[in-house]
Amino acid sequence: MVVVRMVAGAGSVLAMLSLSGCGLLWSCTDSTAERGEADVRVEIVDTDERPAGVTAEVTGWRREPHPQVPEEGDQIHFGVRFEGAGRGIDPAVDACAVDEKRVVLGCQTVYSVMDFGRDTTDTVDGYLAVGHPERVAEVLLIPNDQSSQDRRTCEDDMKDGGGVHPPDTPDRGERL
């Protein structure tokens, strides 16, 4: 008798959920944030294009061999300074070496480790391997925060995936 009541009760709960619009199918949607305008100094924005409270700036760059693999020839050695109080993120931006027409020759994501809750500064550097380092005219930063570690899509996880994702890193040959 108890089992019959539990089964009947479970059926009525499912019926109430269905009638209330809370069906068993998940409504998962994926979208990608629009890429912000690349520049030498940018204010980092989240996936909703709201300022994150941190700026990033290219402090300089030069062509030189990477000290660990000098036989590979010249790469682009660059520095980036992150400043601000932030909103609880360790920001990451894409740094891209471009030619005089702002055509991407190579990009990499640059991560900062900041002490949030107060104004702070973090300086990082990196090397970009590009096909033609002699063509590099400048190094630009893309303002979209790339620090999100949870990039599950609806295809990956229908229940917990989805939402707005940061834009993809620019491909070589793309114009910024």
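**Figure 1. The S2–S3 hairpin and its turn.** Strands S2 and S3 make a hairpin with five residues between them, and Glu 49 in that turn has a positive phi of about 65 degrees. A quick word on what you're looking at: this is a predicted model, where local features need pLDDT of at least 70 and side-chain atom pairs count only at pLDDT 80 or more, while totals for chains, interfaces and linings use all residues. Residues are numbered from 1 along each chain as its sequence is written, and side-chain values use heavy atoms, leaving out hydrogens and water. Helices (H or I, at least four residues) and strands (E, at least two) are DSSP runs, numbered from the N terminus. S2 pairs with S3 (residues 51-65) over four bridges, in the antiparallel sense; for two strands to count as paired, DSSP has to find at least two bridges between them. Look for Val 42, whose bridge partner in S3 is Ala 56, and for Glu 43, which has Thr 55 as its partner there.

**Figure 2. The four-stranded open sheet, S2-S3-S4-S7.** S2 (41-45) and S7 (120-128) sit at the edges, each pairing on one side only. Neighbouring strands are turned by 25 degrees against each other on average, direction ignored; the angles run from 0 to 180 degrees between N-to-C directions, using axes fitted to C-alpha atoms. As a reminder, strands of a sheet pair through backbone hydrogen bonds, either parallel or antiparallel.

Figure 3. S4 (residues 74-84) is joined to S3 by eleven bridges, running antiparallel, with Trp 61 finding its bridge partner in Phe 78 of S4. Towards S7 there are nine bridges, again antiparallel, and here Val 80 stands opposite Val 124. S4 is largely enclosed by the rest of the structure, because eight of its eleven residues are buried. Buried means under 20% relative accessible area, exposed means over 50%, and partly exposed is anything in between (1.4 Å probe, protein chains only).

**Figure 4. The three-stranded open sheet, S6-S5-S8.** This one is antiparallel too. Its edge strands are S6 (104-111) and S8 (138-142), each with pairing on one side only, and the twist averages 25 degrees from one strand to the next. S5 (residues 92-98) and S8 run antiparallel and are joined by five bridges. Zoom in on Cys 96 and you'll find Leu 140 as its bridge partner in S8.

**Figure 5. The Cys 96–Cys 107 disulfide.** The structure holds two disulfides, a disulfide being a pair of cysteine sulfur atoms within 2.5 Å. In this view, the sulfurs of Cys 96 and Cys 107 are 2.0 Å apart. The torsion about their S-S bond is about 110 degrees, so this disulfide is right-handed. Cys 96 counts as buried because its relative accessibility is 0%.

**Figure 6. The Cys 28–Cys 154 disulfide.** The sulfur atoms of Cys 28 and Cys 154 are 2.1 Å apart, and the torsion about their S-S bond is about -90 degrees, so this disulfide is left-handed. Cys 28 lies in the loop between helix H1 (2-19) and strand S1 (30-32) and Cys 154 in the loop between S8 and strand S9 (163-165), so the bond ties together parts that are 126 residues apart in sequence. Both Cys 28 and Cys 154 are buried. Number the bonded cysteines in sequence order and the pairing reads 1-4, 2-3.

**Figure 7. The largest nonpolar core, around Ala 56, Phe 82 and Leu 141.** Of the 22 residues in this core, these three touch the most other members. A nonpolar core is a set of buried Ala, Val, Leu, Ile, Met, Phe, Trp, Tyr and Cys residues joined through side-chain atoms within 4.5 Å. S2, S3, S4, S5, S6, S7 and S8 each give two or more residues to it. Leaving aside residues up to four places away in sequence, Leu 141 touches, among others, Val 42, Ala 56, Val 58, Val 80 and Val 93, where contact means heavy atoms within 4.5 Å. Apart from this core lies another one, of seven residues, including Ala 38, Val 98, Leu 140 and Leu 176.
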